[in-house]
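This note is meant for a colleague opening the structure for the first time. Please keep the sequence and the model in view while going through the numbered points.

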Amino acid sequence: MTGQYLLAIDQGTTSTRAIVFGTDGAPVASAQVELKQHYPQPGWVEHDAEEIWTATVSVVRRALANARLKAGDIAALGITNQRETTVLWDRATGKPIHKALVWQDRRTADWCRRMREEIGDAELGKRTGLLFDAYFSGSKIAWLLDNVPGARASAKAGKLAFGTIDTFLLWRLTGGKVHATDATNAARTMIFDIGSQKWDADLLKAFDIPASLLPDVRDSAADFGTTDPALFGGAIAIRGIAGDQQAATVGQACFQPGMVKSTYGTGCFVLLNTGAKFVRSKNRLLSTVAYRLKGKVAYALEGSIFISGAVIQWVRDGLKAVAKASESEAIARSIPDNGGVYLVPAFTGLGAPWWDPDARGAIFGLTRDSGLPQIVRAALESTAYQTRDLMGAMRADMGPKAELKTIRVDGGMVANNWVMQFLADQLGLDVDRPLVTETTAWGAAALAGLGAGVYASVDDVAKARQAERLFRPQGARAEHDGLYAGWQDAVARVRSDFGAKPSPKGLGAGRPRAKAMS
Ligand code: ADP
């Protein structure tokens, strides 16, 4: 090993970034380019894979220049990526045959409905840990094969390659030498058996996807080849890959079973490390691979909230109640309680554990003395309540012995101290905010460090993480539970089956109250 630094490529939904880290985990320099979103039809979302490639090369060069480093100073490179986004390309030319279908793209919803009827969510879940949803790559591969002229024949002839963004970038970075992914990305395709860690022949057959399309699946810290020396003025070893949420799990050093990380950006993603045990959720959470190291899989339960920080964007841009997201904190503090007002931000349906795409947002409990402050506070509170919904489902899946102690948080919204305290109160757990909040990119760099032998084990990675602040639960539990009961009632009312069937256990327990805290 020559270099003293680690480099992360963080290819996200809205931007492509490169960050250079010291081996102590401190960021040294970075560069970023925004990514254009293409919306060819309502519900369709595409990215230009060529644009992603050009941006990747440019940000790596700029990050190295900003750090005044050369390729030879980098011990290893790690890639983390927006998950599920799907590219098919021609193996001979390296050219994508279509724009990338982004994880948010809903065009395969009908295909998923048909497959659910044919195969069933239970069978899919047993193998892949997932549910039939347009979110996952398998449905997007099927769409491309069915809709791009000549694609299926080319695929059958072995001329095409499939990859999520990590795999496409790896192919390009290695000059077409390596067609591989890691277990965390494979786990998001709907065609990978996360128990046996193999592509699932039965699902491939049912989806009519030729196995010749598929990348080799490696550990998250592994030898993924080296970059073409012409790109960055010397070869860089590629030694780590993980999907963004899994990389954040590594970056937050959630290496023990029972450890949880929660990322609060536009939406919110919670991952609970379940260790060597593949826990099948009975509460509509996903089971996934947290990371795979030296052939050993650490599994996770995953829940996602579609609208988290985005509700504050709506408060700013839709409601025009604040000029900046950060102003919401002082507003929440300026009133003693939510005044009985609840905001359910089901703008695009409800995610886990409800999976209700037809639900829509609503504000409940308005009285003559309600105003913007109560609505802003209710918007902030909604993120904590939704996290509690997910944690409740996780606790139920793990059984009574599950011990959840701390939740490690990151993402833009965790700058809000009021929300973090409210979250700790609602969950009854310590909320731990790290000093370095670039946990996703750091996770990719840390995996590369593990792959290159810079770190001997995950314990070395864990040592690099420092808590900046711990928010401990305060106040009376009964009061927090009373507020939560009001939220559960509000959620029951926005769900598309409201009134059609009795609420599931626990829902609707709290009657609407004029003053939640009185
Ligand atoms: P993403 O990576 O999804 O683009 P970020 O991690 O950059 O998101 O977080 C940005 C989100 O955090 C925005 O939706 C914004 O509304 C929210 N946010 C940022 N600062 C605050 C704050 N102080 N209080 C509440 N929400 C905030």
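**Notes on the model**

1. The ligand is surrounded by 13 residues, and the closest are Thr266, Gly309, Gln313, Gly412 and Asn416. The model is a predicted one, in which local features need pLDDT of at least 70 and side-chain atom pairs count only at pLDDT 80 or more, while totals for chains, interfaces and linings use all residues. Residues are numbered from 1 along each chain as its sequence is written, and side-chain values use heavy atoms, with hydrogens and water left out.

2. Thr266 places a polar side-chain atom 2.7 Å from an oxygen atom of the ligand. Backbone atoms also take part: a polar one of Gly412 is 2.8 Å from a ligand oxygen, and a polar one of Ala310 is 3.4 Å from a ligand oxygen. On its own the ligand has 590 Å² of accessible area, of which the protein covers 69%; such areas come from the Shrake-Rupley method with a 1.4 Å probe, and for residues only the protein chains shown count as cover.

3. What is the make-up of the shell around the ligand by class? The shell has nine polar, four nonpolar and no charged residues. Here Ala, Val, Leu, Ile, Met, Phe, Trp, Tyr, Cys and Pro count as nonpolar, Asp, Glu, Lys and Arg as charged, and the others, Gly among them, as polar. Helix α11 (residues 310-317) gives the most to this shell, with three residues. Helices (H or I, at least four residues) and strands (E, at least two) are DSSP runs, numbered from the N terminus.

4. The protein chain is divided into domain 1 (5-244) and domain 2 (309-387 + 476-494), with bounds from an automatic or database domain assignment. Taken over C-alpha atoms, the centres of domain 1 and domain 2 are separated by 35 Å.

5. The largest nonpolar core has 91 residues, and those with the most contacts inside it are Phe207, Leu213, Met391 and Ile407. Helix α13 (residues 372-398) gives the most to this core, with eleven residues. Each of domain 1 (5-244) and domain 2 (309-387 + 476-494) supplies at least three residues to this core. A nonpolar core is a set of buried Ala, Val, Leu, Ile, Met, Phe, Trp, Tyr and Cys residues joined through side-chain atoms within 4.5 Å. Buried means under 20% relative accessible area, exposed over 50%, and partly exposed in between (1.4 Å probe, protein chains only).

6. Helix α14 (residues 417-427) has ten of its eleven residues buried, so it is largely enclosed by the rest of the structure. Trp418, Phe422 and Asp425 are among the buried residues of α14. Asn416, one of the residues closest to the ligand, caps the N-terminal end of α14, with a side-chain oxygen 3.1 Å from the backbone nitrogen of Trp418. Just after α14, Gly428 takes a positive phi of about 65 degrees.

7. Why is helix α6 (residues 165-173) described as largely enclosed? Nine of the nine residues of α6 are buried, so the rest of the structure largely encloses this helix. The buried residues of α6 include Asp166, Trp171 and Arg172.

8. Asp208 has a positive phi of about 60 degrees; Asp208 sits in the loop between α8 (201-207) and β12 (216-218) and is partly exposed at 37% relative accessibility. Arg284 has a positive phi of about 60 degrees; Arg284 sits in the loop between β15 (268-275) and β16 (286-293) and is partly exposed, with a relative accessible area of 35%.

9. A cis peptide bond, with omega of about -5 degrees, joins Ala352 and Pro353. Pro353 lies in the loop between β18 (342-344) and β19 (362-364).

10. In strand β1 (residues 5-11), Gln11 is buried, with a relative accessible area of 0%. The side chain of Gln11 makes a polar contact of 2.9 Å with the side chain of Thr16.

Conventions
A residue is near a molecule or strand if one of its heavy atoms lies within 4 Å of it. A polar contact is a pair of N or O atoms within 3.5 Å; within protein, one must be able to donate a hydrogen and the other to accept it, and residues adjacent in sequence count only if both atoms are side-chain atoms.
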